[in-house]
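Subject: Handing over a structure

Dear colleague,

I am passing on to you the structure that we talked about, and below it you will find some notes on what turned up in it. Please keep the picture open while you read.

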Amino acid sequence: MPVREQEALIFGSTAGDEGRAGRLVLRIVNAPQPSLVTKDDSEFKAPVGSDRGYLAFPLRSKRDRQTKAVTEYKGRALYDSEDRSGKPTPLPAFDLQVIWRGDRSLADDITALLVTFGNLGSLGFRSRRALGALAIKNSPISLSQALDRFSGGDQIRRGIKEILKRPGEHQPFRHQNAGDCIVSLARWLKDWRSHGRSVDHATAARPNPPHNSGFDPYAKNDHDRGVHAGQSPGQPTDITYRPALGLPIIQFFSSGKPQIDWNQKWDAEKARRNRSYKGEGRFASPVLLRPHRDAQGNWHALVIFVDAHQWPAGKRVFLNGQPRAVSLDLYQAMKNDPALRPFP
């Protein structure tokens, strides 16, 4: 059965002339009270330049360059991870009641679906970038057993890897908590796609750069494509890499050059009628970052590659309306990083 029909069978559908009610009923019991407190990057302990800040940059409030006063607050509501004195509080927990009203022969498949979500899923803001990760307690089956229920279970399993060593370190790193995992995941992602660090440029002091895995050719190439897009039309065959890791991208320049907007779609008519038009469309990253606590209480920094949602072959990205080719070479290089090992 095609995936779309499976989704309609389980969760229901409004497609076509007739709707279909879902067969899966979920109820939250003993839910913790959400916090009404909002925190931006500095309050969330994720300032500019920090590892957490690299993953949570949408929380970055706008500040006056001279006075540093906040001109636009970007805080979000959250479950408090610590009390007023800074002491950590227990992770929020809830009971999930599951009622399956469909074919009883599919009950084991529904269990596998929920166990997979409880181990690898997440909820809320920046869920693809390590925040909102879930941990399942009293699991009826293991994650490995759950994946065996999927027709593509082996492919899913091959896409799940964990960070063995942090960038620049030679010894394996043992993660003690979720915070350790978030730091490792942020450093790993930055290592592959960051451009703006002076230590990676040709004029940097020894040891010879680049010092991050993705600087040359990937990050440097895409930086230069953005520079060129602001100067000349370029060629649609010019290769780019980072769009395969998620869109949109906004490229800023410290030199004061106009920003470049990378988008999945471009409408020339909208651009003609509206000067503020920047393009549109989003592409969700096929690279998911997860802090993971296993059944034995051990922590793992997981990087999950979802090949089923990778960038479509032949599809182009638009840099301020200029089409460019997209390569999966960076995505494949990340998958083959020797600092990663298969999990579980």
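Which backbone nitrogen does a side-chain oxygen of Asn177 reach at the start of H6? The nitrogen belongs to Gly179, and the oxygen of Asn177 comes to within 3.1 Å of that atom, where a polar contact is a pair of N or O atoms within 3.5 Å, one able to donate a hydrogen and the other to accept it, with residues adjacent in sequence counting only if both atoms are side-chain atoms.

Before going further, please note that this is a predicted model, in which local features need pLDDT of at least 70 and side-chain atom pairs count only at pLDDT 80 or more, while totals for chains, interfaces and linings use all residues. Residues are numbered from 1 along each chain as its sequence is written, and side-chain values use heavy atoms, with hydrogens and water left out.

Helices (H or I, at least four residues) and strands (E, at least two) are DSSP runs, numbered from the N terminus. Helix H6 covers residues 178–193, and its end C-alpha atoms are 23 Å apart, which agrees with the 22 Å that its 16 residues should span at 1.5 Å a residue, the expected span being 1.5 Å times one less than the number of residues. Because 13 of its 16 residues are buried, H6 is largely enclosed by the rest of the structure; buried means under 20% relative accessible area, with a 1.4 Å probe and protein chains only.

Turning to the strands, there is an open sheet of five with mixed pairing, in the order E10-E16-E15-E12-E11, where two strands pair if DSSP finds at least two bridges between them. The edge strands, each pairing on one side only, are E10 (239–240) and E11 (249–251). E10 runs parallel to E16 (residues 322–326) and is joined to it by two bridges, and Thr240 has Val326 in E16 as its bridge partner.

Finally, there are five aromatic pairs, counting rings of Phe, Tyr and Trp (its six-membered ring) whose centres lie within 6.5 Å, with planes under 30 degrees apart called stacked, over 60 edge-to-face and the rest tilted. One of them is the edge-to-face pair of Tyr218 and Tyr241, with 4.9 Å centre to centre and 85° between the planes. This pair links distant parts of the chain, 23 residues apart, with Tyr218 in helix H7 (residues 215–229) and Tyr241 in the loop between E10 and E11. Tyr218 is buried, at a relative accessible area of 15%, and Tyr241 is buried too, at 11%.

With best wishes

Conventions:
Buried < 20%, exposed > 50% of the residue type's maximum accessible area, 1.4 Å probe, protein only.
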